[in-house]
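My entries follow in the order in which I took them.

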Amino acid sequence: MKKILLGLTLAFSLAFTSHVLADEEIKLNIDNKAIESDVAPQIIDGRTMVPVRAIFEGVGATVDWNADTKTITGSMNGINVVMTLDSSIATVNGKEITMDCAPVISEGRTLAPARYVAEAFGCSVNWDNENKTVNITTPLFKAETTTAETTAETTTETTTAATTETTTNPMYNYSTYYAPGTYAVGTDMPAGEYVVFANPDKIGYLYKYAKDGNVSTTTGKRHLYSKNFDYCDVIKLDTGNYLDLSNAYAIPSADVEKLDATHNGTFRAGKDIKSGHLTFKLNPSSTVGYVNIGTPDAANKDRTIVYLTPDDDSVTVNVTAGMYIKIFACDVLDEKLSAIYTYAPVSIETSSTDNTYNFEDITPSVKNTIDEYLTTLVNEMEPKAMKGTKYTANYANKITDSWTSMAKTSADRKYASLAKELYTHIRTYAYNTKGDVAYSAVISMNSQQISGADYRDILKYEKEYITRTVSSFKSGTSYADLEEAVKHMAYYRYDVPRLTGTKVS
């Protein structure tokens with residue numbers, strides 16, 4: 001259900017009181033929300049061990065594990081935390097700190113002191129001894145006043161903290177919102193319409209489902225829909241639904257006056273965008289655009305869905321108030337063809353990798369080998385080859401492992417790691433795109449029939465977009481440049497629905 005961020009299962013230890021009994025159930029809360037995970041928190045040698053996957057997903061950070069250097073790197077909002085197995089020295093944005101214990105391997109899992117990680121990201125951590133609960137509070141939340149006798153009561157309605165931090169996170173503008181986690185609609189949050197914002201510099205993800213039983217289990221889930229987005233989406237929730245949010249925050253729609261339609265996202269006609277005859281035109285910065293117009297939760301067959309390319313770069317639609325419009329890389333023009341909104345990608349804040357690794361230390365032969373492979377990967381991405389060996393996970397892992405093996409410096413390994421991310425986005429796009437039907441006379445795409453020639457045209461321009469991104473990666477002169485290229489590819493992969501064409505004739 002959630003996007004897995006880790007290639008290695010990690011767990012973090014919190015140096016709390018040592019008298020907690022090993023057989024007592026220990027709970028984890030992030031921002032007053034109970035966090036469920038496949039590995040329960042436990043006491044090992046007097047330390048409370050908490051699964052890192054739950055922490056990182058809960059606070060919005062990502063993690064990278066380097067098996068060669070035995071280093072763990074966590075990144076969020078420009079903060080880079082690096083720890084090394086068996087070393088009590090960690091770095092935060094390149095500055096050394098001394099921890100009270102070193103990360104270790106225990107029963108096949110990497111354990112590290114979570115307090116240093118949480119506090120490095122601006123989170124607070126406390127231990128509720130009476131309820132045997134680890135409580136982590138992120139900077140987005142206003143910590144509630146507590147007494148020495150902490151209770152198990154929590155609330156799902158939270159308020160933002162007063163802060164002087166400069167941030168693009170829209171949560172600082174709203175007093176009521178729902179943070180990453182799982183919610184039962186009608187119990188944890190009211191039914192109604194919500195605007196869901198992606199965490200800045202992240203891909204937001206929402207998963208809507210219905211089922212019977214305990215919301216914390218996976219038994220009996222009935223999938224309704226899932227969405228990825230880099231700015232916002234709009235969702236309607238009914239009592240009995242369940243909502244899972246990852247790297248995303250939900251705000252009651254009535255509280256959101258107007259959304260910024262210069263970005264990729266879903267917008268409300270009559271509120272965010274005027275109703276009437278509107279023209280959606282492909283922005284020159286992209287070789288493919290996308291428009292999806294319809295009422296909330298309408299089936300694809302009842303929607304206006306258009307892919308735009310340089311050959312067919314605009315569409316005019318009579319949009320009525322109450323409709324919802326999903327846009328990717330499009331300018332919006334009124335009936336006089338005057339621009340109302342001009343597309344501007346969400347600004348990408350790259351991490352401080354350049355403070356940790358020296359870009360100039362990348363070995364030219366290593367870089368050339370990786371760059372040449374990425375070039376070949378894209379050049380050979382023709383419709384009939386999209387399910388070829390190069391685009392399978394097993395083959396990709398062998399290639400990227402060879403990149404790591406040839407690395408001579410830590411800078412090489414970081415370059416290989418970023419190239420692997422780029423490779424992953426490209427091959428996943430290719431393998432999930434049904435290019436093999438592109439040579440049919442007629443195909444059905446999103447419940448609408450188009451010609452195979454039109455399908456091939458879309459695939460051609462998607463390939464051009466990806467080629468541009470790879471070129472930006474290869475010509476980068478800093479890790480920030482590389483990270484920006486990788487994130488643009490990630491946003492593209494998730495923002496434009498995959499072309500799930502099927503053969504008609």
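**Helix packing and rings**

The model is predicted, with local features needing pLDDT of at least 70 and side-chain atom pairs counting only at pLDDT 80 or more, while totals for chains, interfaces and linings use all residues. Residues are numbered from 1 along each chain as its sequence is written, and side-chain values use heavy atoms, leaving out hydrogens and water.

I then noted that the axes of α6 (residues 410–431) and α8 (residues 479–495) come within 9 Å and cross at roughly 15°, which makes α6 roughly parallel to α8 (angles under 35 degrees). Helices here are DSSP runs of H or I with at least four residues, numbered from the N terminus, and axes are lines fitted to C-alpha atoms over the stretch in contact, with angles from 0 to 180 degrees between N-to-C directions.

For α4 (residues 364–379) and α5 (residues 393–406) I found an angle of about 165° and axes 9 Å apart, so α4 is roughly antiparallel to α5 (angles over 145 degrees). Their crossing is left-handed as well.

Turning to charges over rings (NZ of Lys or CZ of Arg within 6 Å of the ring centre and within 35 degrees of the ring normal), I found K384 over the face of Y439 at 4.7 Å from the ring centre, and K387 over the face of Y431 at 4.3 Å.

Terms used. Helix = DSSP H or I, 4+ residues; strand = E, 2+ residues; numbered from the N terminus. Parallel < 35°, antiparallel > 145°, perpendicular 65-115°, else oblique. Left-handed = near helix turned anticlockwise from the far one by under 90°.
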